[in-house]
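Thanks, everyone, for making the time this morning.

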Amino acid sequence: GSIDYPFGNAIFTIAPSSSAPVVVRGFALIGGGSDVQVSGAGAHRVQCNHLHVTAPGDALFYPGPPWYGIGVGIDQSAQGAIVGTDGDGVGDLAERNVVAGAGQGVYVNANADSRIAGNLFCLAADGTTSLGGTIGVLIRQSSNDNLVGTDWDGVSDALEGNVVAGCQTGIALGVTGGGPTGNVIAGNRIGLDGTGNVVGLTVQNAPSTVVDDNVFTGNESAIDLTGTSTLGEGSERNCIEGNLMGLSHAGDASLVFENNWWC
């Protein structure tokens, strides 16, 4: 189905009282303050949707910039939410969401233990055509121990990484309210050969962020660290090539970032 809804409202809201798992699947959702707002705990799932794009996923319904609204909002009581593939090896490719043309593709606010995997951000459903957007994934405030990408459990790992290209900022932690700790960014493709982001990954005042086994390519700046940000143990095996700048560290914390491939 396709739903066009006025800006400033959520089209689907999974309320705090929704303790049993709820699945929002197979929609083209256009507009809304959040196309889907997840506010209840219970391993709720948002899968196989086209958000902020037309039903075929090949164009924006509201062309920008500027970009408005949120694809999926996850707030403080929604621990355990899954946006995209669950990585169980069954239909994982079909579970991905296509999110483009939004202010934030996924907005995680003071929430823990959510999983954002296997999605396309700022791209059309073909996985290569850039449609744009402000931020692909934003994790802010005390949003701890969230996973963006693969869990490396050996099941469907290749389909769990997100593809983020054509955004102003691909993935951002702590930029609007510092403090997220222990979040993992793993196994994603951040930028494509022909389409990068202005900034691939920005980490601001977000301690112990793990950045592992991602590919950064075609971005103006691949990784930008500011404030008290630190990269946690296991931040390695990233491939950083074809960017105008690989790593920018303007923070006041020490930095250990080793065993990566440069250019």
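Let me begin with Asp 212, which, at a relative accessibility of 6%, falls under the 20% limit and therefore counts as buried. Please keep in mind throughout that what you see is a predicted model. The partner of Asp 212 is Arg 237, and the two form a salt bridge in which the closest N and O atoms are 2.8 Å apart. Arg 237, for its part, has a relative accessible area of 33% and is partly exposed. As for where the two residues sit, Asp 212 belongs to strand E21, residues 210-212, while Arg 237 lies in the loop between strand E23 (221-227) and strand E24 (239-241), so that the pair links distant parts of the chain, 25 residues apart.

How many salt bridges does a search of the whole structure find? The search returns seven. One of them is formed by Arg 115 and Glu 160, with the closest N and O atoms 3.0 Å apart. Because Arg 115 is in strand E12 (residues 115-117) and Glu 160 is in the loop between strand E15 (147-149) and strand E16 (163-164), this pair ties together parts that are 45 residues apart in sequence. Both Arg 115 and Glu 160 are buried.

A further salt bridge brings together the side chains of Asp 193 and Arg 189, at 3.7 Å from N to O. Are these two buried or exposed? Asp 193 counts as exposed, its relative accessibility being 66%, whereas Arg 189, at 28%, counts as partly exposed.

Let me now turn to the strands. Seven of them make up an open sheet with parallel pairing, in the order E3-E6-E9-E12-E15-E18-E21. Strand E3 (23-25) and strand E21 stand at the edges, and because each has a single partner strand, one side of each is left without a neighbour in the sheet. From one strand to the next, the twist averages 5 degrees.

Within this sheet, strand E6, residues 45-47, runs parallel to strand E9, residues 82-84, and two bridges join them. If you look at that pairing in detail, you will find Val 46 standing opposite Val 83 in E9.

Key: Residues are numbered from 1 along each chain as its sequence is written. This is a predicted model: local features need pLDDT of at least 70, side-chain atom pairs count only at pLDDT 80 or more; totals for chains, interfaces and linings use all residues. Side-chain values use heavy atoms; hydrogens and water are left out. A salt bridge is a side-chain nitrogen of Lys or Arg within 4 Å of a carboxyl oxygen of Asp or Glu. Helices (H or I, at least four residues) and strands (E, at least two) are DSSP runs, numbered from the N terminus. Buried means under 20% relative accessible area, exposed over 50%, partly exposed in between (1.4 Å probe, protein chains only). Two strands pair if DSSP finds at least two bridges between them. Axes are lines fitted to C-alpha atoms, for helices over the stretch in contact, and angles run from 0 to 180 degrees between N-to-C directions.
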